[in-house]
Amino acid sequence: MPELPEVETVVRGLRKRLSRRKFSGVEVCREVCLRGSGRALADWLRKKEILAVERRGKNVILSLSGGGALFVHLGMSGRLRLLPRNAPREKHTHLVFSFLNQGDQLRFIDPRRFGRVFWEGGKKGKWVSLSHLGPEPLEISPLEFVRRVRSRRREIKPFLLDQHFLAGVGNIYADESLHRAGIHPRRKSDSLAGRTLSRLHRVLQEVLSEAIRAGGTSVRSYVDSTGAVGAFQHGLRVYGREGEPCQTCGRAIVRERVGGRSSFYCPRCQRGPSKKRS
Ligand SMILES: [Zn+2]
């Protein structure tokens with residue numbers, strides 16, 4: 001699933017190419033990906049100009065003239081591609097946006113259909129659709145991070161994945177940062193020492209920044225807006241590496257379900273909740 005670094009890569013790829021364009025229409029091939037009707041979207045979007053392409057959590061935001069925005073959540077396998085009008089349509093192309101005086105189209109392609117496209121009028125930055133999201137992990141201060149983590153008693157891994165707590169972290173970067181910080185995914189959030197959590201804050205920012213620089217992680221289907229794959233899968237130390245030796249201590253990486261999600265960790269570097277370690 002595209003997480004913060006993958007969505008950031010898509011946004012950076014589209015920013016220059018989409019800015020200042022005006023929508024001329026949208027063809028809806030599959031309405032299921034829309035929150036609202038295709039007709040309503042087409043009416044609402046016509047002649048609106050794209051002022052900025054941004055990211056919030058795992059959402060792509062096209063800020064539009066008049067204060068509204070079009071949002072894209074890529075779900076499990078969603079992709080946004082800017083392609084020439086005459087390029088063959090890939091299977092699972094659900095939406096095709098066209099622009100005034102431009103020969104190419106923005107296409108939303110999503111084989112697994114968990115992606116969502118939604119829109120909203122109103123003031124920039126005050127959008128209700130995104131108001132549930134917690135702070136951005138690359139912007140939150142260490143102090144605020146530690147305070148938020150310790151304010152609740154939850155297993156740390158599912159807590160990191162909770163978009164109300166922090167926006168943009170998913171399975172891959174939660175596992176990678178917990179490994180770098182030496183924290184077992186089941187440790188209770190309020191049992192972790194302040195300095196351990198400061199370390200988690202630091203390595204989480206580190207791993208997200210490294211992944212953005214690498215153009216994201218391509219496991220399964222992720223590609224950016226030009227169709228290029230990311231390179232951070234080569235930088236993964238635990239995710240998807242069950243049975244392989246830990247790069248720190250050599251012990252085999254294990255895979256276990258935590259909070260309903262597959263979790264990869266090193267049983268030596270990341271000691272379990274029963275053993276005192278912080
Ligand atoms: Zn280890």
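**View 1. Packing partners of helix 5.** The buried residues of helix 5 pack against helix 1 (4–18), helix 4 (156–161), helix 6 (194–213) and strand 10 (261–265). The model is predicted: local features need pLDDT of at least 70, side-chain atom pairs count only at pLDDT 80 or more, and totals for chains, interfaces and linings use all residues. Residues are numbered from 1 along each chain as its sequence is written. Helices (H or I, at least four residues) and strands (E, at least two) are DSSP runs, numbered from the N terminus. Contact requires C-beta atoms, placed from the backbone, within 7 Å.

**View 2. Burial along helix 5.** Helix 5 spans residues 171–181 and is mostly covered, with 11 of its 11 residues buried. Buried means 20 or more other C-beta atoms within 10 Å of a residue's own, with C-beta atoms placed from the backbone; 12 or fewer is exposed, and in between is partly exposed. Among the buried residues are Asp175, Glu176 and Arg180. Ile172, Tyr173 and Leu178 are also buried.

**View 3. The end of helix 5.** Gly182 follows helix 5. The phi of Gly182 is positive, near 70°.

View 4. The contact takes 16 residues from domain 1 and 21 residues from domain 2. On the domain 1 side, helix 1 and strand 5 (79–84) each supply at least two residues. Helix 1 gives the largest share, eight residues.

How values were computed
Two residues are in contact if their C-beta atoms, placed from the backbone, lie within 7 Å.
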